[in-house]
Amino acid sequence: MTSNHWDAIFSKQRDSELGWYESDLSQTLTFIDRIPPSESTTTFLAGAGTSQLADILLAKKHQLILNDISIEALTTLQQRLGKAGALRWLQHDLSEPLPTQTPQVDLWVDRAVLHFLLSEADIQTYFHNVTATVRDNGYVLLAEFSKVGAPKCAGLEVHRYSVEEMSQRMGKGFKLIYQELYVFTNPFGEPRPYVYALYQRLAKESNSSIISKGY
């Protein structure tokens, strides 16, 4: 992916004109609410964009790493959220390895980023980033275009997913907690079928035990 494409979109269009814009975030929040509450949760938003999800999670006392490929999106989001100590800002293409100083996180949330990665090398690097960043017993929420979803978004081709492919790519170190097929209606009234999947990373000792049993 290139940042120029996304910078042009975020600089020229209002939130309500973005094809992935959600005025109602209950679908994503319902999945996040399945995670047991914790006194401190560090969350990585893979494509923070200008979504209100960051505001809601900040209000829920999450420590946030707000990542996006677009500096325009991050600038808009920073103007809205300010410079709270609970925020870290990162402009990064997730088809490239994350910086080595990226902190470990309890939760990785990706709504509509992964499906823009098309080459096998880019997809593998994305999942390596997940594995390198999510700590033991942490969670990963993926929400991507499903196999019956649209072939393009924002003028770009997408890689459509089944939960089976997601699980295979997550690997044996993660267990599937919950999944759901969900039809999102975009701001233009068009249906966009998604697959939502929530995973938990197994503790290393649990992972070793499972592997030793041949599962």
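Biologist: Which residues does Asp68 touch, not counting residues up to four places away in sequence?

Modeller: In this predicted model, Asp68 has its place in strand β2, residues 62–68. With a relative accessible area of 7%, Asp68 falls under the 20% cut-off and is therefore buried. Leaving out residues up to four places away in sequence, Asp68 touches Phe10, Ala46, Gly47, Ala48, Gly49, Ala73, Leu74, Leu90, Gln91 and His92.

Biologist: What distance separates the C-alpha atoms of Asp68 and Asp93?

Modeller: Asp68 belongs to strand β2, and Asp93 is 25 residues apart from Asp68 along the chain.

Biologist: Which element gives the largest share of the lining of the largest cavity?

Modeller: The count comes to one cavity of 30 Å³ or more, and the volume of the largest cavity is about 510 Å³. Its lining takes two or more residues from each of α1 (3–12), β2 and β4. The largest share of that lining, three residues, is supplied by β4.

Biologist: Which residues lie nearest the centre of the largest cavity?

Modeller: By class, the lining of the largest cavity holds 17 nonpolar, eight polar and six charged residues. Gly47, Ala48 and Gly49, which are among the residues that Asp68 touches, also belong to this lining. Of the 31 lining residues, those nearest the centre are Trp20, Gly47, Ala48, Gly49 and Arg111.

Biologist: Which residues are the closest to the centre of the largest pocket?

Modeller: The largest pocket holds about 340 Å³ of space. It is lined by 19 residues, and the closest to its centre are Ile35, Pro36, Pro37, Ser38 and Thr41.

Biologist: How many charged residues are in the lining of the largest pocket?

Modeller: Both β4 (105–111) and β5 (134–145) supply at least two residues of this lining, with β5 giving the largest share, five residues. Sorted by class, the lining has six nonpolar and six polar residues, while the number of charged residues is seven.

Biologist: Is Thr102 buried or exposed?

Modeller: Thr102 lies in the loop between β3 (87–91) and β4. Its side chain reaches the backbone oxygen of Pro99 at 2.8 Å, and, leaving aside neighbours within four places in sequence, Thr102 is in contact with Phe44 and Thr133. Because buried means under 20% relative accessible area and the value for Thr102 is 17%, this residue counts as buried.

Biologist: Which elements do the buried residues of α5 pack against?

Modeller: Helix α5 covers residues 120–133, and at 1.5 Å a residue its 14 residues should span 20 Å, which agrees with the 20 Å between its end C-alpha atoms. Its buried residues are Ile123, Thr125, Tyr126, Phe127, Asn129, Val130 and Thr133, and Thr133 is also in contact with Thr102. The elements against which the buried residues of α5 pack are β4, β5, α6 (163–170) and β8 (174–185).

Biologist: How far apart in space are Gly155 and His5, C-alpha to C-alpha?

Modeller: Gly155 has its place in the loop between β6 (152–153) and β7 (156–157). With a relative accessible area of 62%, over the 50% cut-off, Gly155 is therefore exposed. Although Gly155 and His5 are 150 residues apart in sequence, their C-alpha to C-alpha distance is 9.4 Å.

Notes:
Residues numbered from 1 in each chain as written. Predicted model: local features only at pLDDT ≥ 70, side-chain atom pairs only at ≥ 80, totals over all residues. Heavy atoms only, no water. 1 Å grid on protein atoms, 1.4 Å probe; cavity = no way out; pocket = protein on both sides within 12 Å on 5 of 7 lines; lining within 4 Å. Points joined across faces, edges and corners; volume = space filled by probe spheres on them. Helix = DSSP H or I, 4+ residues; strand = E, 2+ residues; numbered from the N terminus. Nonpolar A, V, L, I, M, F, W, Y, C, P; charged D, E, K, R; others polar. Buried < 20%, exposed > 50% of the residue type's maximum accessible area, 1.4 Å probe, protein only. Polar contact = N/O pair within 3.5 Å; in protein donor to acceptor, adjacent residues only side chain to side chain. Contact = heavy atoms within 4.5 Å. Expected span 1.5 Å × (residues − 1).
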